[in-house]
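Let's walk through this model one contact at a time, looking at which parts meet and what each side is made of. Have the structure open as you read.

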Amino acid sequence: MPSVTPGGAAPAREFSTIGRRMRKVDGLAKATGRARYTDDIQLPGMLHGKILRSPHPHARIKSIDASAAERLKGVHAVTTGRDMPVPYGIIPWTPDEHPLCLDRVRYVGDGVAAVAAVDEETANEALGLVEVVYEELPAYFSPHEAIAAESGPFIHEPRRPGRNGNVTKVVRLEFGDVEAGLAESAVVVEGDYFFEGTTHTPIEPHCAIGMAERGGRLTVWSATQVPHYLHRELARVLDLDPALVRVVQPPVGGAFGGKSEPFDLEFCVATLAMKTGRPVKILYTREEVFYAHRGRHPFHMRYRTGADENGMLAAVDAEIVLDGGAYASFGLVTTYYSGQLLTAPYQMPAYRFHSTRAYTNKPACGPKRGHGSVQPRFAFEVQLDRIAERLAIDPIELRRRNFIGADTRTVNDLRITSNGFLECLDAVEAASGWRRKFRKLPFGRGVGVAGSTYISGTNYPVYPNDMPQSGVQLQVDRSGRVSVFSGASEIGQGADSMVAYVVAEELGVPLEHIRVLAGDTDFTPVDLGAYSSRVTFMLGNACIDAARRLKQQVQEAVAEAWDAKPGEVLLAGGLAMRKGDTGVSMSVRDAFNLAEAKFGTLGATGSYDTPKDVHGSYRGATIGASPAYSFSAHVAEVRVDPETGFVDVEKIWIAHDCGRALNPVLVEGQMEGSAYMGFAEAVMEEHVFKTAEQGRAGLHNAPSLLDYRIPTSLDTPALESLVIESVDPEGPYGAKEAGEGPLHPSIPAIANAIHDAVGVRMNSLPFSPPRVWAALQNRTAAGAEGAGDGVAKAGRREREGGSGGVAKAVTP
Amino acid sequence: MEVVRLTVNGDERVCGVPAHYTLLETLRYGLGLTGSKQGCDKGDCGACTVVLDGKAVLSCLTPILEAEGRHVRTVEGLASGVEPHPLQDEFDLHGAAQCGFCTPGILCSAAALLDREPSPSREDIREALAGNLCRCTGYEKIYDAVEGAAARCRA
């Protein structure tokens, strides 16, 4: 049974390290300024690179003349797309971009040339001397217009003749009989929803350094989440021997999915370094970070949801258009995720989704925290709230009734193992005081609930192969120190610390005797990267695998000395102890030395690969399949000012089933950071572009941290974490993900709370004051006719003899 | 090129930098103090915050000539020997630094706060950190850390 640990109290002490509130291995380095991020690295003789970017949203490149730039004093090299003609794309089936554009630019900000110069000023001056002649082409800013232009002009050439080159992916999947389910439903709720695009906005801008040596050796330092994929793509696109290419990933200053594929700067620093023989650094400006994007896709969604009179879901039908931007990026996966990840934590006998991703002439969208499933989750959880409203069922109760359960399969045949969703609902219901608040707060104040699920990694890697998804290597020193070589990417989530906790637990070594070297393709085994919430589950299991191999040798050697069985030797707390006889012990260091004497130099590798039989057999069944799923439920409490439409989110209670909290401090940090980011998308952030009517179509509306408003400390609501531990049978010590799942419910919980507060349904994001104010005006103007929900609220309060709010509810 | 003199973390430094350099550029490129970060280079994110004569300032918006002759304290100057400043230790303890990129600036804002207000309320802390964007934590752990440090500084 899952156990609730409010505030993250440590679980029952069955471990010596796991579950304790611990520091991170890199916490003090980061708090003292010692941590060296990519831009902190200065190499002797280093040049500075800059990328010239397209001023047009869509244009043919007629010519590029870089001769004047090359002649400028201080300029060492200029490169263009011709130097790097091999296309790439993070998904091997959709390689549709080049490090620098060859003959066409597809968004304002697309790279066309790069220079390396003695300093940044000279590099900037050189960019101004590169002459590019463009022939402008018609541009698309709406996915609907792009899809409608069936005969072109196209943003990309169709992959097959006769196809629409503006459509990048279409997925249509149906499970069960949706039409029959809807026909038999006692209530069918329909709604149109719009999720505006948002972007990751890590505080560290992208940065990369290239260094070339004789004999074809290339080193690239980069603020990336995916050193392995970058390694592969650098070698492939630049036609280099991968064994001579090294990718080093220094500490990354935030990523959130925004650094999870190769970017132009990494190819450019490599090429410029090879051309000049000097190290070359490129640091994006903040504006370039906004244009690099790869963030949340805008989604246009239509849902029909049917339920019986008890609120049991009967059928769900979704029609989704994804605005993909100029390139494919992870879009193939996003299109599947837009439907595949909706099928838990609620049972649904019939489900259909039809998702179409379009190219538009804007920066490419990709994966942002909660890839592809945050948008449908918003719409769907609002739909559930409407069903609860219609049937007069408490929204938490409605969700409980539809709970899919543990150890089961979803309608689209995903395997669910552990599932602590009910405990999540219980936790937020109790902590938020739900029963005394829902429908009982005065007008202008309200609470809302939502639930969700998310993957703990994907069962299949980005490129097909039969090798492990994650690997580590351990090395033991005679001093008792254990070094871990980890291929995983520390991006602030605590990957390096997690490795140390697991190895310390298995080998009984104090945490301070563990060293972690990570993210260096010359020295660490392959891990596929910090994406899709895979690291704890996969790397954690790989660490257990490696440590247990090593432990076996230590146990054998000590058992021999004690004339005992290996299984009787326990390693914990810095000691090797004899089971059942605590008087017999030696230090772990001595135990390691015995093992080294017996077996030679000590070391072990460990790996993890996903189970491959945990999904259906239909086309696309592998996308969305994960070894385990996390579950979340949030309650948000809001205050809405009816005069201005301003939504003040006062607090979010976050309950999250992470399987087991290996370190509750870090789990809470992920939960709070996720809820913060969801809150930000709900009420503040919009990654939008100017239209032709506004002049300069395709320009980012607000490419700065002042104008693209991310929440400050004063904006952010109070956040309370409620850690739920369902102990997954396959996770490391039962752990599942915590980094992305707890973002999802924030947004619909806020939407539903707004409805509880003022009786309007907010179906378009963000819930900015103008939108909320307009919704309030519409409701008032429409009166009883078009605003069933709002009136229902007023009516309900009358029935309940509600205080004060009733009069206000019907007054502008 | 200008020759500027300023006191950085207690050391008197003389540094030749282009006249258009900011304090941040001087710290990072002139003096090799890379603890202070550049997140936006236009005063929006606060990652470059340092303490200038006791006040938290945005070093990316401070022309170097304005810092001439003044006292600058950066994240590298908070610790006493190998002992971290209570703020740094509490950030570590509470997991208040995730990616850590905003952390040096937040620590400087918090250090300036604790210097002028040894017993800040949570609201005081929120106010003092309003110019420092953190994208990872949701701020809760940061408040806990500043409160913990304030208590230790008072003790």
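In this predicted model, the C-alpha centres of domain 1 and domain 2 of chain B sit 21 Å apart. Domain 1 of chain B runs over 2–77, and domain 2 of chain B covers 86–154. Where the two meet, domain 1 of chain B puts in 16 residues and domain 2 of chain B puts in 13 residues.

So what does the domain 1 side of that contact look like? Two strands of chain B, β3 (49–52) and β4 (55–58), each hand over at least two residues to the side of domain 1 that touches domain 2. Of these, β3(B) gives the most, with 3 residues. Sort that side of domain 1 of chain B by class and you get 7 nonpolar, 7 polar and 2 charged residues.

Domain 1 of chain A is made of 16–35 + 468–608, domain 2 of 38–137 + 200–292, and domain 3 of 299–459 + 618–692 + 730–809. If you want to select these, remember to pick up every segment in those ranges.

Take domain 1 and domain 3 of chain A as a pair. Their centres, taken over C-alpha atoms, are separated by 39 Å. The contact between them draws 21 residues from domain 1 of chain A and 24 residues from domain 3 of chain A. On the domain 1 side, the elements that give two or more residues are α14 (495–507) and α15 (535–562) of chain A.

How many residues does each chain bring to the contact? Chain A brings 42 residues and chain B brings 41 residues. On the chain A side, α1 (27–31) and α17 (664–683) each supply at least two residues. The top contributor to the side of chain A that touches chain B is α17(A), which gives 7 residues. By class, this side of chain A holds 19 nonpolar, 14 polar and 9 charged residues.

How values were computed:
Residues numbered from 1 in each chain as written. Chains lettered and ligands numbered in written order. Predicted model: local features only at pLDDT ≥ 70, side-chain atom pairs only at ≥ 80, totals over all residues. Domains from an automatic or database assignment. Contact = placed C-beta atoms within 7 Å. Helix = DSSP H or I, 4+ residues; strand = E, 2+ residues; numbered from the N terminus. Nonpolar A, V, L, I, M, F, W, Y, C, P; charged D, E, K, R; others polar.
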